[in-house]
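Welcome! Here are some exercises for getting to know a protein model, each with a worked solution. Take a look at the structure first, then work along.

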Amino acid sequence: MRVTVYAGSSVGNRPVFAQEAGRFAARLAQSGCDIVYGGGSVGLMGVVADAALAHGGKVIGVIPRSLVDAEVAHTSLSELHVVESMRERKAMMERLGDCFVALPGGIGTLEELFEVWASLVLGHHRKPVMLLNTEDYWNRLLSLAVKSANYGFMSVEESRSLIPVHSADEVLDVVARWSPPAPRWPAGPSSRPAPLPVD
Ligand code: AMP
């Protein structure tokens, strides 16, 4: 299985972020999973790549030409695809992965996560989207999804399609149990489920 990992180009300001990212990637590699990621050697992206490679994993990087220097493209990857744009990077990372996991990160990670989550909800792909919830990093986003469902802006099923995990083993469990949500507009907008009452 190929796991596409989105992660910060920074390591954050607590050692736990790099520790957990490294443990996560090492375990994925030991479980025989390949990793697809942004191709850089900086931040949690670099930690993920190094840990997986150190544990015998195959790591595939996808980096836009304009970021080869800024994100210090990793030079020891199993494969490095240099593409022409951010759009191409995201499309290739989406195509290559069998599932998606966002680690803690900043705007770039959020952007990638939202695109791949929205694509799932719209039925453009049928693969699970997960959050590695180190230090409860994603709790507010998960709460926002619940609130969005409560206020009738997404269905409960859509809000639950963003799945928190704490380990590589949980990723494997989620993939084994996965059944994709119904696409958002199966028979037109009138088929939307009624929103839940606001709490
Ligand atoms: P950040 O989470 O901001 O540290 O960024 C993490 C990764 O997301 C970096 O590799 C960024 O290059 C990447 N990134 C930022 N913006 C975009 C975008 N619009 N499309 C694809 N990747 C992006």
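The expected span of a helix is 1.5 Å times one less than its number of residues. Keep in mind that this is a predicted model.

**Exercise 1. Compare the reach of helix α2 with its expected span.**

Solution. 
- Step 1: Helix α2 runs over residues 43-54, which gives twelve residues.
- Step 2: At 1.5 Å a residue, the expected span is 16 Å.
- Step 3: From first C-alpha to last, α2 reaches 17 Å, close to that expectation.
- Step 4: Now try helix α4, residues 107-121, with 15 residues. Its reach is 21 Å, close to the 21 Å expected.
- Step 5: Look just past each helix. After α2 comes Gly56, with a positive phi of about 80 degrees, and α4 is followed by Gly123, whose phi is also positive, near 80 degrees.

**Exercise 2. Find which residues of α2 are buried, and what they pack against.**

Solution. 
- Step 1: The cut-off to apply is a relative accessible area under 20%.
- Step 2: In α2, the buried residues are Gly43, Leu44, Met45, Gly46, Val48, Ala49, Ala51 and Ala52.
- Step 3: Their packing partners are the strands β1 (2-6), β2 (34-37) and β3 (59-64), together with helix α1 (15-30).

**Exercise 3. Describe how α1 and α2 meet.**

Solution. 
- Step 1: The two axes come within 8 Å and cross at roughly 35 degrees.
- Step 2: The crossing of α1 and α2 is right-handed.
- Step 3: On the α1 side, the residues in contact are Phe17, Ala18, Ala21, Gly22, Ala25, Ala26 and Ala29. On the α2 side they are Leu44, Val47, Val48, Ala51 and Ala52.
- Step 4: Sorted by class, this contact has eleven nonpolar residues, one polar residue and no charged residues.

**Exercise 4. Follow Leu44 from its helix to its contacts.**

Solution. 
- Step 1: Leu44 sits in helix α2.
- Step 2: Leu44 has a relative accessible area of 1%, so this residue counts as buried.
- Step 3: Set aside the neighbours within four places in sequence. Leu44 then contacts Ala7, Gly8, Ser10, Val11, Phe17, Ala18, Ala21 and Pro104.
- Step 4: Leu44 and Trp117 are 73 residues apart in sequence, and their C-alpha atoms are 21 Å apart in space.

**Exercise 5. Where are Glu135 and Asp136, and are they buried or partly exposed?**

Solution. 
- Step 1: Glu135 lies in the loop between β6 (129-132) and α5 (139-150), and Asp136 is found in the loop between β6 and α5 as well.
- Step 2: Glu135 is partly exposed, at 43% relative accessible area. Asp136 is partly exposed too, at 47%.

Methods
Residues numbered from 1 in each chain as written. Predicted model: local features only at pLDDT ≥ 70, side-chain atom pairs only at ≥ 80, totals over all residues. Heavy atoms only, no water. Helix = DSSP H or I, 4+ residues; strand = E, 2+ residues; numbered from the N terminus. Buried < 20%, exposed > 50% of the residue type's maximum accessible area, 1.4 Å probe, protein only. Contact = heavy atoms within 4.5 Å. Axes fitted to C-alpha atoms, helices over the stretch in contact; angles between N-to-C directions. Left-handed = near helix turned anticlockwise from the far one by under 90°. Nonpolar A, V, L, I, M, F, W, Y, C, P; charged D, E, K, R; others polar.
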